[in-house]
Amino acid sequence: MNITESYLSRAELWMLITTLFYFLMNGAQIFETAVLVPKWTADPPDTFALLTNKNGASLKVFWIILHSLHELTFILAIVFCWKLIPIRNGLLILFAIHFAVRAWTLSYFATNIIEFQKVAEGLSPTADMVKRANMWQSLNYIRVAIFVALSIGMIPLFLKLLNIKNN
């Protein structure tokens, strides 16, 4: 298999870009988890107003754009590292876990946020809103920790790539 210096440079670039996007995304998630989530879960359903576009910090568009860009760069990193079997395999494992957490995000976290927003906009709250908001907050700690662990998992792959390039 012919692996050129140019190939390795492109692989390095896309690994760096996707790793930086991951850390950017995690910084935003950590901020949201530490600052915003405690505010809107403080006294549900009254504090759900913080989730709406007109009264608060609906971050739907921000997250859609950031996740989309990150996943695009992640796929490009896999494509540009395809010939580097240990890097490719590591990226595929990380991407599979990332994809599973994203599916969990869309099926659980996003659907609940949408319902919490609807309550803030006038939908009658169910009796278990406090319990659901607290569960959302607790599970979010696990979700963010997994995303942080995945981004940290990119570092040894990137270092391995640099080692391949420098040898």
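**Close-up 1. Asn112 in helix H3.** In this predicted model, Asn112 is part of helix H3, which covers residues 85-120. The relative accessibility of Asn112 is 8%, so the residue counts as buried, the cut-off for that class being under 20%. Leaving aside residues up to four places away in sequence, Asn112 touches Arg132 and Trp136. Thr18 is 94 residues from Asn112 along the chain, and the C-alpha atoms of the two are separated by 28 Å.

**Close-up 2. The salt bridge between Arg132 and Glu115.** Arg132, one of the residues touched by Asn112, meets Glu115 through its side chain in a salt bridge, with 3.0 Å from N to O. Arg132 belongs to helix H4 and Glu115 to helix H3, so the pair ties together parts that are 17 residues apart in sequence. Glu115, with a relative accessible area of 25%, is partly exposed.

**Close-up 3. The salt bridge between Arg102 and Glu71.** The side chains of Arg102 and Glu71 form a salt bridge, at 2.6 Å from N to O. Helix H3 holds Arg102 and helix H2 holds Glu71, so this pair ties together parts that are 31 residues apart in sequence. Arg102 and Glu71 are both buried.

**Close-up 4. The salt bridge between Glu12 and Lys165.** The count of salt bridges in the model comes to three, and one of them joins Glu12 to Lys165. The closest N and O atoms of Glu12 and Lys165 are 2.5 Å apart.

**Close-up 5. Helix H2 and its buried face.** Helix H2 is made of residues 60-80. At 1.5 Å a residue, its 21 residues should span 30 Å, and this agrees with the 30 Å between its end C-alpha atoms. Which residues of H2 are buried? They are Trp63, Leu66, His67, His70, Glu71, Thr73, Phe74, Ala77 and Ile78. Viewed down the axis of H2, these buried residues fall within an arc of 165 degrees, so they line one face of the helix. An α-helix has 3.6 residues a turn, so residues three or four places apart point the same way. The buried residues of H2 pack against helix H1 (5-40), H3 and H4. Val61 and Ile64 are exposed residues on the face of H2 turned away from the buried side.

**Close-up 6. Leu66 and its contacts.** Leu66 is located in helix H2. With 7% relative accessibility, this residue counts as buried. Not counting residues up to four places away in sequence, Leu66 touches Phe21, Leu24, Met25 and Ala28. Leu66 and Thr111 lie 45 residues apart in sequence, and their C-alpha atoms are 19 Å apart in space.

**Close-up 7. A nonpolar patch on the surface.** Four residues, Phe23, Ile152, Ile155 and Leu159, form this patch. Together they have about 350 Å² of accessible area. Which helix gives the most to the patch? Helix H4, residues 129-166, does, with three residues. Ile155 is found in H4. The relative accessible area of Ile155 is 37%, so this residue is partly exposed.

Terms used
Residues are numbered from 1 along each chain as its sequence is written. This is a predicted model: local features need pLDDT of at least 70, side-chain atom pairs count only at pLDDT 80 or more; totals for chains, interfaces and linings use all residues. Side-chain values use heavy atoms; hydrogens and water are left out. Patches are made of residues with over 30% relative accessible area and no salt bridge: like charges are joined within 9 Å, nonpolar side chains (Val, Leu, Ile, Met, Phe, Trp, Tyr) within 5 Å. Accessible areas come from the Shrake-Rupley method with a 1.4 Å probe; for residues, only the protein chains shown count as cover. Helices (H or I, at least four residues) and strands (E, at least two) are DSSP runs, numbered from the N terminus. Buried means under 20% relative accessible area, exposed over 50%, partly exposed in between (1.4 Å probe, protein chains only). Contact means heavy atoms within 4.5 Å. The expected span of a helix is 1.5 Å times one less than its number of residues. The arc is that of the directions from the helix axis to the C-beta atoms.
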